[in-house]
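Subject: Structure for your files

Hello,

Here is the structure I said I would pass on. Please open it beside this message, as the notes below refer to it.

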Amino acid sequence: MSRTVELVTERPEVTRTVAATLASRFEPGDVVSLTGELGAGKTCFVQGAAAALGVTDRVTSPTFLLRRDYEGRLPITHLDVYRLETLGDVLDVGYGEDDRRVVLVEWGDAMRPLLPADHLEVELSVIDPSAPVDSEGEPRRLRVVAHGDSWARRLADLEGDLAPWLQDEAS
């Protein structure tokens, strides 16, 4: 079973708020796959989720380290698999070693065969990359796909909380 919602955020802090809303339903062992072009907001999303889970450390992209761990109400592993060449490399950085952690994976589509059947996928994209950037930031589209029964139920329960950002059917 899967469920999809399309959201629009106007600024980075709104993307963080959406991430925090989703993080309110994270459970130990959850895996969140983040996809999108460079600069689409994947790390920004992780920052919002981490803050909602009580992480007080500065959250930055693990691009060159590949993995960062954070402690909060739920422990978090933040992976960036962009530079990894094989699925074995993903396992070598410790993916799947601790089922108490929430794992947020940038470029998660690159390791799709390793994702559990029940996971959350968030695809971020800049709505109009050719538009000039103003002081308010660039609007983003977040396509949130709940894979598996558990996430489908949780996402359905969250739709009311996500209502302010639901994409208008006319757009």
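Predicted model: local features only at pLDDT ≥ 70, side-chain atom pairs only at ≥ 80, totals over all residues.

Helix H2

Helix H2 covers residues 42-52. Of its 11 residues, 8 are buried, so H2 is largely enclosed by the rest of the structure. The buried ones are Lys42, Thr43, Cys44, Phe45, Val46, Gly48, Ala49 and Ala50. They pack against H1 and against a set of strands: E2 (31-35), E4, E5 (102-106), E6 (119-126) and E7 (140-147). After H2 comes glycine 54, with a positive phi near 85°.

H1 against H2

Helix H1 runs over residues 12-23, and its axis comes within 7 Å of that of H2, with a crossing of roughly 50°. The two helices are therefore oblique to each other. Their crossing is right-handed. On the H1 side the contact is made by Pro12, Thr15, Arg16, Ala19, Ala20, Leu22 and Ala23, and on the H2 side by Cys44, Phe45, Gln47, Gly48, Ala49 and Ala52. Sorted by class, this contact has 9 nonpolar, 3 polar and 1 charged residues. Cys44, Phe45, Gly48 and Ala49 of H2, which take part in this contact, are also among the buried residues of that helix.

H1 against H4

H1 also packs on helix H4 (residues 149-162), at an angle of about 135° and with the axes 10 Å apart. That angle makes H1 oblique to H4. This crossing, too, is right-handed. H1 contributes Val18, Thr21 and Leu22, while H4 contributes Trp151, Leu155, Leu158, Asp161 and Leu162. By class there are 6 nonpolar, 1 polar and 1 charged residues in the contact.

Threonine 77

Threonine 77 sits in strand E4 (residues 76-80). Its relative accessible area is 4%, which is under the 20% cut-off, so threonine 77 counts as buried. The side chain of threonine 77 makes a polar contact, at 2.7 Å, with the side chain of arginine 101. Leaving aside residues up to four places away in sequence, threonine 77 touches Arg67, Arg68, Asp69, Arg101, Val102, Val103 and Leu104.

The loop between H2 and E3

Two residues in this loop are worth looking up. Valine 55 lies between H2 and strand E3 (67-70), and is buried at a relative accessible area of 9%. Not counting residues up to four places away in sequence, valine 55 touches Ala50, Tyr70, Glu71, Gly72 and Ile76. One of these, Ala50, is itself a buried residue of H2. Valine 55 and glycine 36 are 19 residues apart along the chain, and their C-alpha atoms are separated by 24 Å.

Aspartate 57 is found in the loop between H2 and E3 as well. Is it buried, partly exposed or exposed? With a relative accessible area of 47%, aspartate 57 is partly exposed. Between the C-alpha atoms of aspartate 57 and threonine 77, which are 20 residues apart along the chain, the separation is 13 Å.

The loop between E5 and E6

Tryptophan 107 belongs to the loop between E5 and E6. Most residues other than glycine have a negative phi. Tryptophan 107 is not a glycine, yet has a positive phi of about 70°. The residue is buried, with a relative accessible area of 14%.

Proline 113 lies in the loop between E5 and E6 too, but is exposed, with a relative accessible area of 65%. Its C-alpha atom is separated by 17 Å from that of glutamate 123, 10 residues apart along the chain.

After H4

Proline 164 is placed in the segment after H4. It counts as exposed, at 61% relative accessibility. Proline 164 and methionine 1 are 163 residues apart in sequence, and C-alpha to C-alpha they are 25 Å apart in space.

Regards

Terms used:
Residues numbered from 1 in each chain as written. Heavy atoms only, no water. Axes fitted to C-alpha atoms, helices over the stretch in contact; angles between N-to-C directions. Helix = DSSP H or I, 4+ residues; strand = E, 2+ residues; numbered from the N terminus. Parallel < 35°, antiparallel > 145°, perpendicular 65-115°, else oblique. Left-handed = near helix turned anticlockwise from the far one by under 90°. Contact = heavy atoms within 4.5 Å. Nonpolar A, V, L, I, M, F, W, Y, C, P; charged D, E, K, R; others polar. Buried < 20%, exposed > 50% of the residue type's maximum accessible area, 1.4 Å probe, protein only. Polar contact = N/O pair within 3.5 Å; in protein donor to acceptor, adjacent residues only side chain to side chain.
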